[in-house]
Amino acid sequence: MTVWLAPCVALLVGLVPLGVVILRRSALEGLVALELASVINTLILMLLAEAFHRPGFMDLALALALLALAGGLVFARLVERWI
Amino acid sequence: MDLTTFAVGALVALGVAVELACCLGVVVMRDVYDKLHFTGPAAILGPLALAGAIVVQEGLNQAGIKAVLIAGLLLVANPVLTHATGRALYIRQRDHLEPAEDELR
């Protein structure tokens, strides 16, 4: 396993407790966990692109970082009053 | 082991350790405001360390520049998201954003 794939696996393990928080706790706690999970997913995509020597795939991480911002803001607005 | 390999390994280990510690913090903390604090290092220190590792490995080519862009984007987006989430929590708890009459005195 290369120096780039091992951290991907470690970060994937870190997503498990965040999934538990999203499923079992309140909506706002879930939102915080979702925001952190978005950051970790972005980093995983970045590391995978580097691991497979495909710099073009980093666009996926870039797109996810942008969409996670928009999605997080929409969720925060919804959680404010309606969820 | 040459210096580049050591630097890359150290930066990657630092980035992953920060992310996992923040995951643990979000799970362990009981208050949502406390949980919110742990999104900060995860979106600033972790991405900077991992982007730094890629730049050290690749230099400022396509991969390096995109890694720096991603880290910069996460760095800018996190305070905005944290503010929006904190605001949502405040409004949810008090049902209004403006201070009450007795809080103004």
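Me: How much of chain A counts as buried?
Reply: Of its 83 residues, 45% count as buried. Keep in mind that this is a predicted model.

Me: Okay, and how many helices and strands does chain A have?
Reply: Chain A has three helices and zero strands. From the N terminus on, the order is α-α-α. Along its principal axes, the C-alpha trace spans about 45 × 25 × 10 Å.

Me: What about contacts in chain A between residues at least 6 apart in sequence, what share joins residues at least 24 apart?
Reply: That share is 53% in chain A. For chain B, the corresponding figure is 62%.

Me: Let's stay with chain A. What span should α1 have, and how far apart are its end C-alpha atoms?
Reply: Helix α1 of chain A covers residues 5-24, and its 20 residues at 1.5 Å a residue should span 28 Å. The end C-alpha atoms are 30 Å apart, which agrees.

Me: Which residues in α1(A) are buried?
Reply: They are A:Pro7, A:Cys8, A:Leu11, A:Gly14, A:Leu18 and A:Val21. What covers them includes α2 of chain A and also α1 of chain B.

Me: Can we pick one? Why does A:Leu18 count as buried?
Reply: A:Leu18 has 22 C-beta neighbours inside 10 Å, so it counts as buried. The cut-off is 20 or more.

Me: And which residues does A:Leu18 touch, leaving out those up to four places away in sequence?
Reply: In its own chain, A:Leu18 touches A:Ala33, A:Leu36 and A:Ala37, and in the other chain it touches B:Cys23 and B:Val26. A:Leu36 is 18 residues from A:Leu18 along the chain, and their C-alpha atoms are separated by 8.0 Å.

Me: Switching to the loops. Where is A:Arg25, and where is A:His53?
Reply: A:Arg25 is in the loop between α1 and α2 of chain A. A:His53 is in the loop between α2 (27-51) and α3 of that chain.

Me: Is A:His53 buried or exposed?
Reply: A:His53 counts as exposed, because it has 10 C-beta neighbours inside 10 Å. A:Arg25 has 18, so it counts as partly exposed.

Me: What is phi of A:His53?
Reply: Phi of A:His53 is near 55 degrees, a positive value in a residue other than glycine. For background, most residues other than glycine have a negative phi.

Me: On to chain B. How many helices and strands does it have?
Reply: Chain B has five helices and zero strands. Its radius of gyration is 19 Å, well over the 13 Å that the globule rule gives for 105 residues, so chain B is more spread out than a compact globule. Its C-alpha atoms fill a box of roughly 65 × 30 × 20 Å along the principal axes. Of the 105 residues, 38% count as buried.

Me: At what angle do α3 of chain A and α4(B) pack?
Reply: The angle between α3(A), residues 58-81, and α4(B) is about 5 degrees, and their axes are 9 Å apart. That makes the two helices roughly parallel, since angles under 35 degrees count that way. The residues of this contact divide into 21 nonpolar, two polar and four charged.

Me: And how do α2(A) and α3(B) cross?
Reply: They cross at roughly 5 degrees, and their axes come within 10 Å. The helices α2(A) and α3(B) are therefore roughly parallel to each other.

Me: Which residues of α2(A) and α3(B) meet there?
Reply: From α2(A), they include A:Val32, A:Leu36, A:Leu43 and A:Glu50. On the α3(B) side, B:Thr39, B:Gly46, B:Leu50 and B:Ile54 are among them. The residues of this contact divide into eleven nonpolar, two polar and two charged.

Definitions and conventions: Residues numbered from 1 in each chain as written. Chains lettered and ligands numbered in written order. Predicted model: local features only at pLDDT ≥ 70, side-chain atom pairs only at ≥ 80, totals over all residues. Helix = DSSP H or I, 4+ residues; strand = E, 2+ residues; numbered from the N terminus. Buried ≥ 20, exposed ≤ 12 C-beta atoms within 10 Å, placed from the backbone. Contact = placed C-beta atoms within 7 Å. Rg over C-alpha atoms; globule rule 2.2 N^0.38 Å. Axes fitted to C-alpha atoms, helices over the stretch in contact; angles between N-to-C directions. Parallel < 35°, antiparallel > 145°, perpendicular 65-115°, else oblique. Nonpolar A, V, L, I, M, F, W, Y, C, P; charged D, E, K, R; others polar. Expected span 1.5 Å × (residues − 1).
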